Every structure is written in C-alpha cells, then in structure tokens.
Amino acid sequence: MKTALVAALGTAISTVALGLVPALAQTPAQPAKDVKVALIAPLSGPWARQGQLMQMGADMAIDEINQKGGIKALGGAKMKLVVADAGDTTEKAKNAAERLLSQEPDLIGGTGAWLSSFTLAVTEVTERAQLPWLTLSYSDAITDRGFKYVFQTSPTADHMAREMIPTVIKLAESAGAKRPQTMGIVMDNTAANVSYVKPMHEGWLDQYGLKLVVDQVYTPPLSDATPLIQKVRSARPDFLLLLSSNVPDDKMLLEKLDEFGLGTRKLPTIGSGTHMGTPELLKVTDAEMLEGLLTGASDWGLKGQEDIIARFRQRTGEPWINQDSITAYGDMWILKEAVERVGAADRVKIGDELHKIDITEGPAAVAYPGPVKFDDKGRRVDAPLIIVQWQKGQAVSVFPTDRALAKAFWPAQ
Amino acid sequence: MRLNPGTTATARHLWAIVGLCVVVLAAAFAIRSEYDEGVLVLVLLWATLSVAWNLLSGYSGLFSFGHAAFWGLGAYTVALGLVNFGLTPWLGIPLAAVVGGCAGALIGYPTFRLRGHYFALAMLAYPLAMLYVFEWLGYQEVPLPMERTAPILYMQFDDKRAYVVLALALLVAALLVSLWVETTRFGRALMAIKQNEPAAEAAGIDTWRWKMRAIVLSGALAAMAGGLYAVVLLVVTPDSVFGMLVSSQPLILSLFGGIGSLWGPVIGATVLVPLAEVLNAQLGDKIPGIQGVVYGVAIIAIILWAPEGVYWRVREKVTRSGLAGSEPRPRSAPVMALPQPRSGQGDLLVLRGVGISFGGLRALDDVGLSVQDGSLHGIIGPNGAGKTTLFNVINGFLRPQSGSIAFAGTSLLGLMPNRVCRCGIGRTFQVVRAFARMTVVENVIVGAYIGARDDRVAEQMALAALDRVGIADRADSMAGGLTTRELRLMELARALVPQPRLLLLDETLAGLGHEDLDSILSVIRRLRDEGMTVLIIEHTMQAMVRLVDRFTVLDHGRVIASGAPAEVVRDRRVIEAYLGRRWTDRVSETAAGDI
C-alpha cells in the first residue's frame, strides 16, 4: 500500500517535471529512428528484370515519402528500404526472408517476392514472424492458408481468369464485332497458367456459349512454335488465349502466328502476365506485329496516376510504368499509411491495422485500381482485372474503362 | 595374426561422427539467429544428399547426374502425404525412404545396362522426366499447410534447433550406412567395380547385385533428406526439388570435398553451402548475379589446388608429414590347405562347335576343345586369331551364338561371369586389370568373397594366395606401384584365391624379361603340379613349348591343330599361319624341326 503510494507520487512528480521541460526531453538534434521496410524480389537469375522494376517503384515511393517529411506520426522518421535478392530458387527466396528477419529485427513490413512460389515460401517465414507482407503474386494459395499477416494486392489468378473471358466478350461486342463463339488456348505448364485455365477446362466456358476448339500445352522454354500454331490455324478460333511466361517464348509464338497469317489484327490474341506488356517485347518484335495484342495484369498505368507515371519515366527512363513498379510503389505507401495510423513502428499493430485500413486518397489510393481495403483472407476487396493493349508501340491500359488511359479496339476485321 | 586395419579406422570414423554431432549441436545452441540455424539445416541436408550420392557414385564410379529424382520423390511424398492424406512427416519421411529405395530399384534395373557416360546421361533424364510428370499432374506449387493445433505432431517447430537435430540425425544415419558399406565387402565390391568392372565380374563379384543394392540404399537416404527438405522449405515445386541445380549439388559438393571418401561430401557441404549463402547475402542486393561468379571462381580455385577434392589433398599432406618413412610391414601369410591334387582323368572343360560373329567377322567358327583335368593346356595363334574371344566365351563375357560349353559336366552357357567364376573358373587378363587405388591384398580379397562368408577369412585366403605366388611381402603396397611381373602375379593370386579348378591365363607371359618369365613359369608349373588345370594363351611359341602339355592352335577363329607341342610345331598349317606360305615351302624343303 505504502509502496504503491510512493510510486504514484513519483510518477506524478516526474510527469510534471517532464511537462515543464519538453524541449529538453526531445532534442531536435536527435533524428527519429528509421522505419524499415523490406523488398524481397528476384534481382538475379531469369526474373531479375521484374525484380529491378519492383525496386525502381519501391525506391521512388521511399524517396517521395522522405522528401515529404517522412512519417509524421513518428516525428518525421525516415522510411528505409532494405532489399534482398530472392534469386532463382525457392530455397534462396526463403533464405533471403530468414536473413532479412534476422538482420533487421525492427522491420515493420515488406513486399515481394514476385514469383508466386517464392512468395509462398517467403510468407511462410514472415507469417511466423508476424511481419505484415504485401504481395502482387496472383496465386490463390497465398491467401488460402489462413495467414493473418499476408495481404494480396492483386486479384487472384482464379478471379482474373473468370474476369478475363466476360471482359473480352464485352470488348468484342462493344467494338461492333460479332460475339465470339469459339476460343483457343496455347499455354505453357507453369503454375500460374495451369491454375488460370483450370475453370475453363471444367465446363465454366459453357455459360458464355464459348467452345474450346484448340487446346495446346507446352513446356517452356519453347523450341518450336510451328506445331502449336498449325493446330490454331486449322481450328480458327474467334480469339486465342496465349498463356506463356517469358519474353522469348512470346516472341516465338507471336512471330509464328504472324507467319501463318494469324497476326493480332486477324486473330484477336489475349495474353496474361506483365511480360506481354514489357518494352523488351517491343525490342525483339515490332510495333506492327504487337498492334492490338491484349494482356491481363493486376495494375498498370491508369487515369489519376499521370503524375506518378511522369515522375517514374523521368527517374528511370522506362517508357511506361507496369504492374511490378506501380504495385511496389503503392505497397510502400500503404505501409507508410498504416504506420501513420498506428503511430508506432510495431509490426503486429500494423498488421492488425492493415485489416481495417480503407485508404481513399493519396498516392496509395491512386496506385491501385479499386479500393485499398483488405478482407479477412488478406485479399484486396474488389481488386479488378486490368486489361492492357498494345497500341502504336505502347502497352496501355484499356480496361476498366473508368480508369483506363486508352480506348480498346477489337482487332478482328 | 595382425589386427585388421579396418577396425582402428572404423573406430576413428565413429569417433569423428560423434565429434560431428557435438560440434553441430554446440553450434545450434550457440547461434542465436533463426537464419543461421536455417543455413545449418541446409548444410546438413545437402551433406546427407551428397553422402547418399557418394555411396553410389563415389564408391562405384557410376556417376549419377540424377539424384534429384530421389530427393524430389522424397519431398513430394512428404508434401502430398501431408496435404492429401494428413500424413505427418514423422511417418512421411520413413515412407519417403521406402519410395526412394523402390525408385532406386526401378531406375537401377534398366539403367545399369549402361556404363560410363551413358549411365550418367541416362540418370540425368529421370529427374527431368519426373519434373514434367509432376507439372503435368498439376503439382506446380504444393505448400505444406501450417498446423496450428498440434504443430509438433506435424514436425512444425517454433524452435529451429529441432530441425538441426532432425537433419543431423539423417546425416548421421547416412554416414553410418556409408561407413558400414566402406568397411565391408560391399564397399570393396563397389570400389572394384569402379576401378575395373569386367575384372570385378571375372573375380566372382556379382556386380549387378551390388550396384542395385547401392542405388536402393542411396535412393532411400536421398529421399529421406528430400522429405525433410520439404518440411523445412514448406513449399515444394518441381523445379526446386527435381531441377538441375539439385542434381548438380551433390556432385559439386562431393567433388569439392573428396569423392569416394566418407567425409568428402560433408566437407563440401560445410564449406560451399554457407559460402554460397554468404555471397548471396553480401553481394546479392548490391551486384545481383555476381554471387554466382564468385562461387564458381572459388570452386575452380580449390579444384585446381586439390583436383581430387579437399579430403584427399589434406590426407595426403597429413600422411606425408606425419607418417613419412613408414614402409608397409611385411606380413606373414597363414598356411593354406592346398586343394587335393586330382588325378588327371577325363576332360574338365569341353567345347563343341562354338561359334560367334561380330557383324561380318567370324571371330570363332566351330571351335572344339577338350582340356584334360590336371593338364597345362596352351592356346596359341597369331594376333586376331580369336584367343581372347575364346576366353571371353568361356568365362561368360560373351555368349556364343552356337555350340556348347561344359565344365565338369555342367553347361556354362548363359551364366554371368561371376557365376562362371563361382563354378570354379578363374581368369587373368591380357592387359592387367588391377584396382590401382587399392592395396595388393585388397585387390586379391576381392576374389575371395566367393568362398569366404567372413571378411577376416577372406583376408587370410588372400594372404595365402599371395604367398602361393610368392609376393606376400608386397601385400600392403598400392597396386599402382607394382612392376609388371608383380602385377601379373597379383592378378594370378586374385584368380587363385577362390580356389578354382581351372585357371584361364590370358598372355600372362607377355612383355616380360627373361628372369621374370622364368619366375612366372615356375609358379605356373607349381600350380599344375598341385593339381590345378591351366588353360593359357600365348602368341609367342617359344615359352609355351617349354611349358604346356598340350597345344591348341587357333587361326581366323578356327582350330587348325591340336596335340602335343612337338607335333604341333611341325604342322604345316601352323607354320603357314605364323609365317606365311613361303616359309611352309622352305620348311618342307629342309624338313627342319626347329623354328
């Protein structure tokens, strides 16, 4: 009883004392501690380019955050990006996550690791450490494991696949072409594509009155596209889903289509994934061959992002901003916003906050199509599919129409 | 009797394994970061895979570029067992061992028909094929679900040190199996296969069976490690478990550390796995990709310094400085009971109408031959007459297309060489097929495994055989350092040690000087006097005339003469075959007897 009284008295006195000398307690010379966020992405190996694009976006966001005065709730603390290379194997990606967590115990969140199998492994580590983790990977499995600290900003693969077909039909009809009756699939057997077409193989196409007239699977890397495209030519579908997963295969398939007189102007061709919208693809083919080619993504340069796009182009020399860069950019802003709201660099609280967050303005809100809000599984609510089309040597967003920078055209004559 | 050298070496290895456990456990408790513990687990797992690889490829020399097949099957067994059937990895990993062992048998059965590079290339195909099969089955990404209610029951620990202990247990198991193999006839058989498979087969080793056992064991160990890898990595993709990187890892680690040694693979994993990880950590985010370059350069540098691997290099240095001048001790050979001389009654080996062709070449054509029990029978003929082919047909390397071969009344047709050897036929080779990196006595022991159940008995038999040919004093020398005469005698001892009834000697006298020739001739005569039946090939007639009881002359795959030496050398066809028609004419003119 007595001790409690003394303690209370002491506390009261010290509070008063501190209140009298606030300037002394917080000297301006001592900067607030950095708030550290992580990026794990493939920076070496076959996916290095995608990792670099992510890093460009994340770096830009960090610079902007710090230029605008850092994190205000923490006395202007600077945000700091820690980067780790996920390399070319799942093992390396997981090691990178474990290493980051060991070396940077005060991380408050992060983004990565681009390839969905890398993300699956990385999030096994981050979840156990209760580190909030944002990802653009599509795989449904990522947010199907009941994890609490994983947030998927992209629509899932399953969702994208279900969105793509009705959107394409709408596109054809609005362009005045006849409603497509038949379709073809040429795909490789990588994880993303296999789960993408799964519902299409399970009778889901019937509701759209679509018939699958050619269905070809290959194992990447492709050595010769001729037999695949021959099948397409003899079946002559109304449109073609071309699901590859790297630029060299894209080039080979598109050139072969062109050679067989099935160029994108004759046979509407729809890809998937951001590699179908990269400047590299333009470098190895030509604008004429790509004209009209459609592809799906979770994010792309959109209306409202004009300033971001301009700054990004100026900073990096890239001709346009794609999903990898804009998402990494937005992820940094989401984390910043969460820290501001929590008012502490506490990863568990930030994770909880992300489940409640609903950002409606500022760079984070602009960076994504649809609301910045997560459901119980950690999936972004109403994240729409973005459709990108090649028009005059540029890959531009054409759908959803309210945010798209250009108007789509249906390439068939 | 001296102590078995294996016993002390085995004890040393066992202590080293205990030491390894202490060091690893101490390290696990000393390091505080989960990341470092994770790397330690990977070191142990890759070391286990490398030890498993070494068990097959290091000892037998049959390079497998496809151990990812076992690793991946293990990983998928555990992952799919857990996802589809709720099977805990505690049972999944033992099941993975069974799957890996069966896969070893299924892979070994067709693939052991191939040798050398062809074997290596065929092995390369298995994991690649499996990679596509698992992709086709739709197992592109199999995450292991997090068990929240009873994590330990599903091998999911918060404390990473538990994985260190588990991985260490697997490595110790692999090392113990490996040690057992290395110190028993299993290992000697594999080493004999590595150095000379035909010789091993001719010495009575059932090479196919030993190779199958090795691949089954190796596959089981590799699959167990793969299973734990799945538990640790938590996500299994075809690329991460069947990929080329996985198959090349045990090769690189074992070659680096020292192939064919117990500790080489462990050394390789201990150095290279953390090195790669440190490089990834230090350079990966600064100059992406440079880590691969530095890693490659480091490996090249060390391989240049130690071409056979770190272990052998260090051992060489240690033995040179520590044990310089310690000559191999001469050993006293035990007295061996000689086989009872048999009365030279009847024919021991009878060939009738034996024929074999290689494409258009008729190598043996209707060859008939009877070798009398207890006789010294010579086969002569010019180069290319078919002499060695005849031996290969008798001891089972080749199967004749026609005719019959009977040994002591039973047919030898269709028997594998090791079976023929077990029937009581030993042979030597035209070019000595020694196991150069084994000692003389080890070379000979290989031949003793037929008769001896026990390895000690085998060693005694080997020493006795060496004594019988008169080189017991060289028992502990490396076979690589022997003279031609000693090599011939060692090979003779190896053929003798299973106590055969018939010896096939293929140009045992070739390339010897006068003195050496006499010493070997006396050994052969003594063997005959002791009751052995000897069939010997030569193309120089001089030595043979002094040695044999009976001659058979081959030319172009046919028997052109047969009989006592004195008759045969006067035979016109023989002279013609050796010297040409002009000589025959001169011989008949002068009617001279001597050639």
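Reply: His556(B) sits in the loop between β11 (550–555) and β12 (558–563) of chain B. Helices (H or I, at least four residues) and strands (E, at least two) are DSSP runs numbered from the N terminus. The model is predicted: local features need pLDDT of at least 70 and side-chain atom pairs count only at pLDDT 80 or more, while totals for chains, interfaces and linings use all residues. Residues are numbered from 1 along each chain as its sequence is written, and chains are lettered from A and ligands numbered from 1 in the order in which they are written.

Me: Why does His556(B) count as partly exposed?

Reply: A residue is buried if 20 or more other C-beta atoms, placed from the backbone, lie within 10 Å of its own, exposed if 12 or fewer, and partly exposed in between. His556(B) has 16 such neighbours, so it is partly exposed. Its phi is near 45°, a positive value in a residue other than glycine.

Me: Is Trp114(A) buried or exposed?

Reply: Trp114(A) has 26 other C-beta atoms within 10 Å, so it is buried. Its place is in the loop between β3 and α5 of chain A. Ala113(A) lies in the loop between β3 (107–112) and α5, and the peptide bond from Gly112(A) to Ala113(A) is cis, with omega near 0°.

Me: Which residues does the other cis peptide bond, with omega about 0°, join?

Reply: That bond joins Phe399(A) and Pro400(A); Pro400(A) belongs to the segment after β14 (394–399) of chain A. Most peptide bonds are trans.

Me: Why is chain A called as compact as a globular protein of its length?

Reply: Chain A comprises 15 helices and 14 strands. Its radius of gyration is 24 Å, close to the 22 Å that the globule rule gives for 413 residues, so the description applies. The radius is taken over C-alpha atoms, and the rule is 2.2 Å times the number of residues to the power 0.38. Buried residues make up 52% of chain A.

Me: How many residues of chain A are in contact with chain B?

Reply: Two residues are in contact if their C-beta atoms, placed from the backbone, lie within 7 Å. By that criterion 30 residues of chain A are in contact with 26 residues of chain B. The elements giving two or more residues to this side of chain A are β2 (79–85), α4 (90–103), α5 (116–128) and α7 (191–201), and α4(A) gives the most, with 9 residues. The side divides into 10 nonpolar, 12 polar and 8 charged residues. Here Ala, Val, Leu, Ile, Met, Phe, Trp, Tyr, Cys and Pro count as nonpolar, Asp, Glu, Lys and Arg as charged, and the others, Gly among them, as polar.

Me: Why is α2(B) called roughly antiparallel to α9(B)?

Reply: The axes of α2 (residues 34–60) and α9 (residues 207–233) of chain B come within 9 Å and cross at roughly 170°. That angle makes α2(B) roughly antiparallel to α9(B). Angles under 35 degrees count as roughly parallel, over 145 as roughly antiparallel, 65 to 115 as roughly perpendicular and the rest as oblique. The axes are lines fitted to C-alpha atoms, for helices over the stretch in contact, with angles from 0 to 180 degrees between N-to-C directions. The residues of this contact divide into 16 nonpolar, 3 polar and 1 charged; among them are Leu45(B) and Trp53(B) in α2(B) and Leu221(B) and Tyr229(B) in α9(B).
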